[in-house]
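This briefing covers strand pairing, nonpolar packing and charged side chains in one protein model. The structure comes first, and the notes follow by topic.

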Amino acid sequence: MKTLAIIGAQWGDEGKGKITDYLARDADTIVRFQGGNNAGHTIQIGDEVFKLHLLPSGILREGKTAIIGNGVVIDAEGLMEEMRIVEESGRSLDGLRISDRAHIILNYHRKLDGAEERHRGDKSVGTTKRGIGPCYQDKIARSGFRACDLLEEDTLREKAPAVLRMKKELLELMGDSCECTDDMLIERLLGWGDTLGKYICDSSVLVNESIDKGEKVLFEGAQGIMLDIDHGTYPFVTSSNTIGGAICTGAGVGPNRVSTVLGCLKAYTTRVGEGPMPTELCNDLGKYIMKKGGEFGTTTGRGRRCGWLDLVIAKHAVRIGGITSWAITKLDVLNGMETLNVCTHYEVDGERIDYFPASLSKLSRLEPVYVELSGWEDWGDCSEDVAANGYDGLPKELKDYVSFIEKETGRPDDMISIGKRRSETIDRRGDWWA
Ligand code: IMP
């Protein structure tokens, strides 16, 4: 079976877009299985830079099937805009498929996202305000519109009045309003169906057939494990499951159908929005890493909080995410630092722990325990040359840093990324589809 998943091992923004694009070159089918346009994947192909939020990265490669799975929530306008950008770049959308079971984000979801955040006051989550949470809420509450509904006027006429009435009442209670009428809503949904209809299908059938035929299938995760609704820093999380297990529900495949789970691990830690981050550097060093690493959100432009690498989180990601090996990214950002701290444990209430506590109160009291490792020299703008020399040619201290991660987490490192370009990558594994 030739299946491979890529998931984020921290709070998202680990550089999954680049790694996915690298591996998508050899894949036949690429599948997004959760999240929505809260995600932002930056992909550089030659001099072209694409910022994708919803389309699977594989859409940029010719001859691939790029699937938006049932676990994704779709902002139809956003999706159509991305489709336009891809087409304008001279690429084809022929390989695009959208699950008929994927849920649709509506304007009232975005309004509710904003209203919920306002009501939370200084306890706001810091969401992307894309309506992600309210759309998933509707899915669970059985009030959502799915892609298949866009093609059935009768279903929409039956369903829209009750749903819209609930949303209007809710928004009014929250001090907002919704001017949309049943007819306006139905018309909008049918209009999206006109454009997207030819791509809508039962994508689970496609994915499973592709696996059965021995084709190479790549599952592309969004966000990261610490943003998982169950296993992340709740409530400062996104509203989907981001772990490897989410592939089963979000793409419609059995748990025995994913052979390799590559965890994307940034060489330091970042997070956007609110919530606990034990190794955060609230000082000039944190600001230096933010600037050097270009740590500004692809989706919202917000500056990301930066801190030391946290291996308690990496171990949590291995345990829960099913990670079988690492792709360690952005090591070049740490170039030229004399020493580097790596967190291996936490201390809380006089106890030493190496797991991530659920309780926010406990999290507020814990102190990270660090091991100090030596830094390596700055190779300036020569990442391409450095990568060309392969893993053995890397500075000894950098290899020690990587070995330390491998030893502490019990997972090998399969890939090193030291720049945005494909040529700034060291592939230590080679045959990903064996
Ligand atoms: P939501 O997903 O818009 O509901 O936002 C919930 C939390 O997840 C916020 O802290 C967001 O900043 C964070 N988040 C959502 N998507 C991403 C992502 O792709 N990268 C990093 N953080 C994200």
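Ile328 stands opposite Ile416 in strand β19, and β19 runs parallel to strand β15 (residues 325-329), joined to it by three bridges. Strands here are DSSP runs of type E with at least two residues, helices are runs of H or I with at least four, and both are numbered from the N terminus. Two strands count as paired if DSSP finds at least two bridges between them. This is a predicted model, in which local features need pLDDT of at least 70 and side-chain atom pairs count only at pLDDT 80 or more, while totals for chains, interfaces and linings use all residues. Residues are numbered from 1 along each chain as its sequence is written, and side-chain values use heavy atoms, with hydrogens and water left out.

- Strand β19 (residues 413-417) has five of its five residues buried, where buried means under 20% relative accessible area, exposed means over 50%, and partly exposed lies in between (1.4 Å probe, protein chains only).
- On another pairing, β19 meets strand β20 (residues 425-427) in the antiparallel sense over three bridges, with Thr425 of β20 as the bridge partner of Ser417.
- The open sheet has ten strands in the order β9-β7-β5-β2-β10-β1-β11-β15-β19-β20, and its pairing is mixed.
- Its edge strands are β9 (200-201) and β20, each of which pairs on one side only.
- Strand β11 (residues 260-266) pairs with β15 in the parallel sense over five bridges, and Gly263 stands opposite Trp326 of β15.
- Helix α13 packs on the sheet and touches β11, β15 and β19, contact being heavy atoms within 4.5 Å.
- The direction of α13 makes about 145° with that of β15; axes are lines fitted to C-alpha atoms, for helices over the stretch in contact, and angles run from 0 to 180 degrees between N-to-C directions.

**Strand β1**

- All six residues of strand β1 (residues 3-8) are buried.
- Thr3, Ala5 and Ile7 point one way from β1, while Leu4, Ile6 and Gly8 point the other way.
- With strand β10 (residues 217-220), β1 pairs in the parallel sense over four bridges, and Val217 is the bridge partner of Thr3.
- With β11, β1 also runs parallel, joined by five bridges; here Thr260 is the bridge partner of Leu4.

**Nonpolar cores**

- In soluble globular proteins, nonpolar side chains tend to be buried together.
- A nonpolar core is a set of buried Ala, Val, Leu, Ile, Met, Phe, Trp, Tyr and Cys residues joined through side-chain atoms within 4.5 Å.
- The largest such core has 54 residues, and those with the most contacts inside it are Phe219, Ile323, Trp326, Leu331 and Tyr401.
- Helix α13 (residues 396-409) supplies the largest share of this core, five residues.
- Beyond its neighbours within four places in sequence, Tyr401 is in contact with Ala267, Leu309, Leu331, Leu334, Leu340, Val342, Leu373 and Trp376.
- Another core, of 44 residues, lies apart from this one and includes Leu52, Leu54, Leu60 and Leu106.

**Salt bridges**

- Side chains of opposite charge can pair when their charged atoms come close.
- Counting a salt bridge as a side-chain nitrogen of Lys or Arg within 4 Å of a carboxyl oxygen of Asp or Glu, the model has 32 salt bridges.
- Arg304 and Glu295 form one at 2.7 Å, N to O, and both residues are buried.
- These two belong to a network of salt bridges that links Asp13, Lys266, Glu295, Arg304 and Lys330.
- Arg84 and Glu81 meet in a salt bridge of 2.6 Å, N to O; they are three residues apart in helix α2 (residues 76-88), so about one helical turn separates them.
- Arg84 is partly exposed at 36% relative accessibility, and Glu81 is partly exposed at 36%.
- Arg101 and Asp100 form a salt bridge at 3.5 Å, N to O; Arg101 is partly exposed at 42%, whereas Asp100 is buried at 17%.

**A buried glutamate**

- Glu116 lies in helix α3 (residues 107-120) and counts as buried because its relative accessibility is 16%.
- A polar contact of 3.2 Å joins the side chains of Glu116 and Gln137.
- A polar contact is a pair of N or O atoms within 3.5 Å; within protein, one must be able to donate a hydrogen and the other to accept it, and residues adjacent in sequence count only if both atoms are side-chain atoms.
- Leaving aside neighbours within four places in sequence, Glu116 is in contact with Pro134, Gln137 and Met174.
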